[in-house]
Amino acid sequence: MSGRVESLAALELVVATSGFLPRAPRARYTTGMDLGLHGRVALVTGSTRGIGHHTALTLAKEGCDVAICGRTKEPLDQAAERLAATGRRVTASQVDLLEPGGVERFVSTAVESLGRLDVVVANVGGTFGGNFLETSPADWLKTFEVNLVHAVRVIQAAAPHLARSDAASVVIIASISGSRPGPRAQYGVAKAGEIQLASSLARELAPQRIRVNAVSPGSILWEGGSWHRRATTMPDVINQFVAREFPWGRMGTLDEIANVITFLSSPRASWVNGANVVVDGAQGQPSIKLP
Ligand SMILES: NC(=O)c1ccc[n+]([C@@H]2O[C@H](COP(=O)([O-])OP(=O)(O)OC[C@H]3O[C@@H](n4cnc5c(N)ncnc54)[C@H](OP(=O)(O)O)[C@@H]3O)[C@@H](O)[C@H]2O)c1
């Protein structure tokens, strides 16, 4: 009983002194749990910037050799340099994953260069077309292709290699838009498909001992990212969105997403399978209606 009072008092002290001001997390981790990722090989689709790149960097810092890709050469070279600075081996493929054979080439290049595959992060995603009444069937198909179908193709190409790992993991980067209503519908529906894909494959690929999970980020703010662009071009709209929908008064950071993806990719998460892990700081509405 006294323990309970003490912890409540401690909680009240934290609340009183924090004031809930928007800021990045204060915690600093100098030592930690060994995730068991050292010497493993990870492949991340769409990894020259944003969530994909930060995840590749976090996995490399945990001891993984990494395979990255993107369509544009200069950011790809710069991303590879940042990753190589961790001391891990890196293979970088300039490829459009929507082209026929693109996904399959990326996976086979990674395995040829790095010798094995333990971790796959299906990260590429995005939206084509505008609000519902202005969208064409082509917009819907392309949005499905870049999110859901790319994930299907990368998992199919990687599965034979993952099946040889003693700790195989796939993480599909979905979104809170996949489980909550909000614009753009084609994006949310494609992300819902990715969440469903993770839960179905967790069972279907269990005999091969491949775990499959989805991570659903809320809005993540990083320089050059879509929310940063909107915050620059329509600051009032974004400030109102943050005040209304984010109880901590800020959007999420790349670290906060990459850390969760990295843990799920590790053998420490061996009993997390078929989950949709929401990482959104208790965000409400997933997005805003754009013109
Ligand atoms: N940012 C957020 O707030 C947020 C929230 C929830 C979910 N998500 C999801 O998180 C994932 C990453 O989004 P993000 O905002 O961090 O990054 P992003 O700006 O969408 O960048 C994606 C990366 O993928 C590469 N890429 C895009 N299309 C490609 C293609 N066809 N072939 C090969 N590479 C391609 C890009 O490089 P190139 O352009 O050079 O090809 C870049 O490296 C997406 O699935 C997104 O839906 C993001």
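Reader: Hi! Where is P207 found?
Author: P207 sits in the loop between α6 (185-204) and β6 (210-217). Those labels are DSSP runs numbered from the N terminus, with helices being H or I of at least four residues and strands E of at least two. Residues are counted from 1 along each chain as its sequence is written. This is a predicted model, so local features need pLDDT of at least 70 and side-chain atom pairs count only at pLDDT 80 or more, while totals for chains, interfaces and linings use all residues.

Reader: Thanks! Is P207 buried or exposed?
Author: P207 is exposed, because it has 8 other C-beta atoms within 10 Å. Buried takes 20 or more other C-beta atoms within 10 Å of the residue's own, exposed takes 12 or fewer, and partly exposed lies in between; the C-beta atoms are placed from the backbone.

Reader: And how far is P207 from A163?
Author: Their C-alpha atoms are separated by 9.1 Å, and the two residues are 44 apart along the chain.

Reader: What about R209, what's its phi like?
Author: R209 has a positive phi of about 60°, although it is not a glycine. R209 is also in the loop between α6 and β6, and it is partly exposed, with 14 other C-beta atoms within 10 Å.

Reader: Where does Y187 sit?
Author: Y187 is in helix α6. It counts as buried because it has 25 C-beta neighbours inside 10 Å. From Y187 to G126 is 7.0 Å, C-alpha to C-alpha, and they are 61 residues apart in sequence.

Reader: Which kind of peptide bond links P183 to R184?
Author: That one is cis, with omega near -10°. R184 lies in the loop between β5 and α6.

Reader: New topic, the ligand. Which residues come nearest?
Author: Of the 28 residues around the ligand, G46, G50, G70, R71 and G125 come nearest. A residue counts as near if its C-beta atom, placed from the backbone, lies within 6 Å of the molecule or strand in question. Two or more residues of that shell come from each of α2 (50-61), β2 (65-70) and α7 (226-233).

Reader: Which element gives the most?
Author: That is α2, with three residues.

Reader: Where does the ligand lie relative to the domains?
Author: Domain 1 (36-217 + 257-278) and domain 2 (221-251) both give residues to its shell, so the ligand lies between them. The domain bounds come from an automatic or database domain assignment.

Reader: Back to α2. How many of its residues are buried?
Author: Ten of the twelve, so α2 is largely enclosed by the rest of the structure. H53, H54 and L57 are among them.

Reader: Where is the kink in α5 centred?
Author: On E145, and the kink is about 45°. The bend at a residue is the angle between axes fitted to the seven residues ending there and the seven starting there.

Reader: Last one, the strands! How many bridges join β1 to β2?
Author: Three, and the two strands run parallel. Strands pair if DSSP finds at least two bridges between them. L43 stands opposite A67 in β2.

Reader: What else does β1 pair with?
Author: Three bridges also join β1 to β4, again parallel, and V44 stands opposite V121 in β4. Next, four bridges join β4 to β5 (residues 168-173), running parallel, with A122 opposite I172.

Reader: Are the faces of β1 covered or open?
Author: Both faces of β1 (residues 41-44) are covered: V41 and L43 on one side, and A42 and V44 on the other, are all buried. In β4 (residues 119-122), both faces are covered too, by buried V119 and V121 on one side and V120 and A122 on the other.
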